[in-house]
Amino acid sequence: MKNYVSLIILFLAVTGLCIWDGIHTQKVFDHMESESSAIYTTLLSTEITDENLSTRINKLNDYWTEKMDIICISISRKDLQIISDYLQYLCASIINESQDDAITYSRLLNYNLIGLNQTTGINFLNLL
C-alpha cells in the first residue's frame with residue numbers, strides 16, 4: 001500500500017511539473033511572438049534611432065534572457081539558441097544604427113518564434 005501512495009504522489013508531482021512547464025512555455029512564447037511582431041511593425045515605420053524602440057528591444061532581450069533558463073527544462077538550449085542569436089543581432093543593429101539589418105533580424109526573430117511556438121505549443125497536432 002505504501003508503494004502505491006508513493007507512486008501516486010510521484011505521478012502527480014511529475015504531471016504537475018509537465019502542465020506548469022507547458023503553460024509557462026506557451027505564455028513566454030506568446031509574449032515573445034507578440035512583442036517581436038510589434039517591433040517588426042514599428043521598424044517598418046520608425047527610424048532605428050528612436051529611443052522607445054531601442055528600449056523595447058532591450059527589454060525583450062532581457063525578458064528572453066531571464067526566461068530562457070526555465071524553458072531549457074523542456075526544450076533543448078540548442079533549439080532556443082537561434083532566438084538568442086537573432087535578438088543579439090537585433091541589439092547590434094541598434095548600436096550600429098542599421099535600419100535594414102534591424103528589419104531583417106526582427107523578421108527572422110518573429111518567424112523563428114512562430115515556428116518554435118507551433119512545434120512546442122499545446123495544440124491538437126502536437127498531441128498526435
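Which residues have the most contacts inside the largest nonpolar core? They are M32, W64, L80, I83 and L109. The model is predicted, and local features need pLDDT of at least 70, side-chain atom pairs count only at pLDDT 80 or more, and totals for chains, interfaces and linings use all residues. Residues are numbered from 1 along each chain as its sequence is written, and side-chain values use heavy atoms, with hydrogens and water left out.

**Figure 1. Overall fold of the chain.** The chain holds five helices and zero strands, in the order α-α-α-α-α from the N terminus. Helices (H or I, at least four residues) and strands (E, at least two) are DSSP runs, numbered from the N terminus. The radius of gyration is 18 Å, well over the 14 Å that the globule rule gives for 128 residues, so the chain is more spread out than a compact globule. That radius is taken over C-alpha atoms, and the rule is 2.2 Å times the number of residues to the power 0.38. The C-alpha trace spans about 70 × 25 × 25 Å along its principal axes.

**Figure 2. The largest nonpolar core.** This core has 25 residues. A nonpolar core is a set of buried Ala, Val, Leu, Ile, Met, Phe, Trp, Tyr and Cys residues joined through side-chain atoms within 4.5 Å. Buried means under 20% relative accessible area, exposed over 50%, and partly exposed in between (1.4 Å probe, protein chains only). Buried residues make up 33% of the 128 residues in the chain.

**Figure 3. Surroundings of M32.** Not counting residues up to four places away in sequence, M32 touches L60, Y63, W64, I83, L87 and L113. Contact means heavy atoms within 4.5 Å. Two of these partners, W64 and I83, are listed with M32 among the core residues with the most contacts.

**Figure 4. H24 in helix 1.** H24 lies in helix 1 (residues 2-45). H24 counts as buried because its relative accessibility is 12%. Leaving out residues up to four places away in sequence, H24 touches K67 and I70.

**Figure 5. R77 in helix 3.** R77 is found in helix 3 and is partly exposed, with a relative accessible area of 43%. Its contacts, not counting residues up to four places away in sequence, are M68, D69 and C72. The C-alpha atoms of R77 and T65, twelve residues apart along the chain, are separated by 12 Å.
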